[in-house]
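Subject: Handing over the structure

Hello,

Here is the structure I promised to pass on to you. Have a look at it first, and then read on for what was found in it.

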Amino acid sequence: MARTDLERGTTASRLEDELAGLDALETPAPEPRGPLRRVWESVWPPLAGGALALAVWQAVVLSGWKKPWVLPGPGAVFERFFQDLGNGDLLEASSITMRRAVVGYGLALIIGCALGLAIAHFGLLRRAFGSLVTGLQTMPSIAWFPLAVLLFQLSEGAILFVVVLGAAPAVANGLIGGIDHVPPALLRAGKVLGASGLNAYRHVILPAALPSFVGGLKQAWAFAWRSLMAGELLGVVTTQQSIGYRLQISRDFSDARGMIAAMVLILLIGIVVDLFIFGKLDRVVRRRWGLIDPATA
């Protein structure tokens with residue numbers, strides 16, 4: 001009797017394997033994609049959205065709502081954009097601004113990770129500083145500049161101070177949220193396999209918290225970028241021709257073409273960073289978690 005049951009189980013197992021093989025044969029294999037096609041598929045949607053935005057912009061200009069010297073059309077603005085790009089003005093401004101952004105964001109990343117790990121691990125620190133970190137994240141970055149100027153005068157330190165305060169809480173909250181939502185079953189499985197202490201964080205907790213952490217990194221970049229633009233617009237450091245400084249000077253001299261050209265540069269930098277850094281990082285994480293098909297990602 002036991003042997004008959006065993007034979008039946010073996011037959012059923014073979015049948016399931018055969019059916020699975022047939023299903024796999026019927027499933028169409030994904031068409032292989034070359035690198036150029038992958039780049040094009042990731043680039044054409046924002047290009048289409050940009051083209052639609054330019055069409056709406058041109059329609060508003062043609063409606064006569066504002067005079068051309070107040071609201072110039074896309075053609076005039078991009079003519080000025082490429083002119084400033086060609087003579088090196090925008091390249092110099094971009095290098096100054098991006099250097100500040102990278103340094104400030106890097107400091108915020110270090111501080112935010114250390115703070116997030118400490119708060120997530122120690123319950124007393126969570127009760128003492130958890131709400132404070134969230135409150136810091138909700139504060140407008142512009143509110144920090146009077147204190148920053150008082151502490152660091154009109155210097156690079158004032159800008160970095162505000163960028164770090166704007167971005168670090170978002171990094172910390174992203175990491176805290178990711179650690180809080182690690183499934184308990186995963187923690188128990190890691191403990192059974194011998195992962196405890198630092199090994200548990202390295203091999204179980206931090207990999208599981210990665211999706212939420214990546215979201216926090218992306219949000220932190222947005223806060224850092226906006227804080228940096230606010231600092232440059234206020235003229236905290238007036239000795240260097242940054243993007244925000246050019247934007248402010250163009251406004252003071254009623255140079256609408258130059259002002260909108262600087263705004264276009266700010267927008268383009270934000271889009272490029274999102275597409276090729278945070279967008280790619282997000283796709284890697286989702287692919288690792290099985291949320292997207294590796295063959296089509």
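To begin with a term: Ala, Val, Leu, Ile, Met, Phe, Trp, Tyr, Cys and Pro are called nonpolar here, Asp, Glu, Lys and Arg charged, and the others, Gly among them, polar. By that scheme, the lining of the largest pocket holds 17 nonpolar, 2 polar and no charged residues. A pocket is an open set of points on a 1 Å grid over the protein atoms alone, each a place where a 1.4 Å probe fits, with protein on both sides within 12 Å along at least five of seven lines; lining residues have an atom within 4 Å of a point.

Please keep in mind that this is a predicted model, in which local features need pLDDT of at least 70, side-chain atom pairs count only at pLDDT 80 or more, and totals for chains, interfaces and linings use all residues. Residues are numbered from 1 along each chain as its sequence is written, and side-chain values use heavy atoms, with hydrogens and water left out.

**The chain as a whole**

The protein chain has 11 helices and 0 strands; these are DSSP runs numbered from the N terminus, with helices being H or I of at least four residues and strands E of at least two. Of its 297 residues, 33% count as buried, where buried means under 20% relative accessible area, exposed over 50% and partly exposed in between (1.4 Å probe, protein chains only).

How far can the model be trusted? The predictor's confidence in each residue is pLDDT, from 0 to 100; its mean over the protein chain is 84, and 85% of the residues reach 70 or more. Over residues 5–9 pLDDT stays under 50, and the model has 0 contacts there beyond four places in sequence (a contact means heavy atoms within 4.5 Å). Residues 19–27 also stay under 50, again with 0 contacts beyond four places. Where pLDDT is low, the predicted coordinates should not be read in detail.

**Back to the pocket**

The volume of the largest pocket is about 530 Å³, taken as the space filled by probe spheres set on the grid points, which are joined across faces, edges and corners. Of its 19 lining residues, Pro46, Gly50, Leu267, Leu268 and Ile271 lie nearest the centre. Helix H2 (35–62) and helix H11 (256–288) each supply at least two residues of the lining.

Is Glu232 buried or exposed? Glu232, in helix H9 (residues 198–233), is buried, with a relative accessible area of 3%. Its side chain is joined to that of Ser242 by a polar contact of 3.4 Å, meaning a pair of N or O atoms within 3.5 Å; within protein, one must be able to donate a hydrogen and the other to accept it, and residues adjacent in sequence count only if both atoms are side-chain atoms. Leaving out residues up to four places away in sequence, Glu232 also touches others, including Thr97, Arg100 and Tyr245.

Tyr245 is one of the buried residues of helix H10 (residues 243–252), along with Ile243, Gly244, Arg246, Leu247 and Ser250. Helix H3 (74–86), helix H4 (89–121), H9 and H11 are among what covers them.

**Two loop residues**

Ser254, in the loop between H10 and H11, is exposed, with a relative accessible area of 63%. Its phi is near 55°, a positive value in a residue other than glycine. Gln153, in the loop between H6 and helix H7 (156–180), has a positive phi of about 60° although it is not a glycine.
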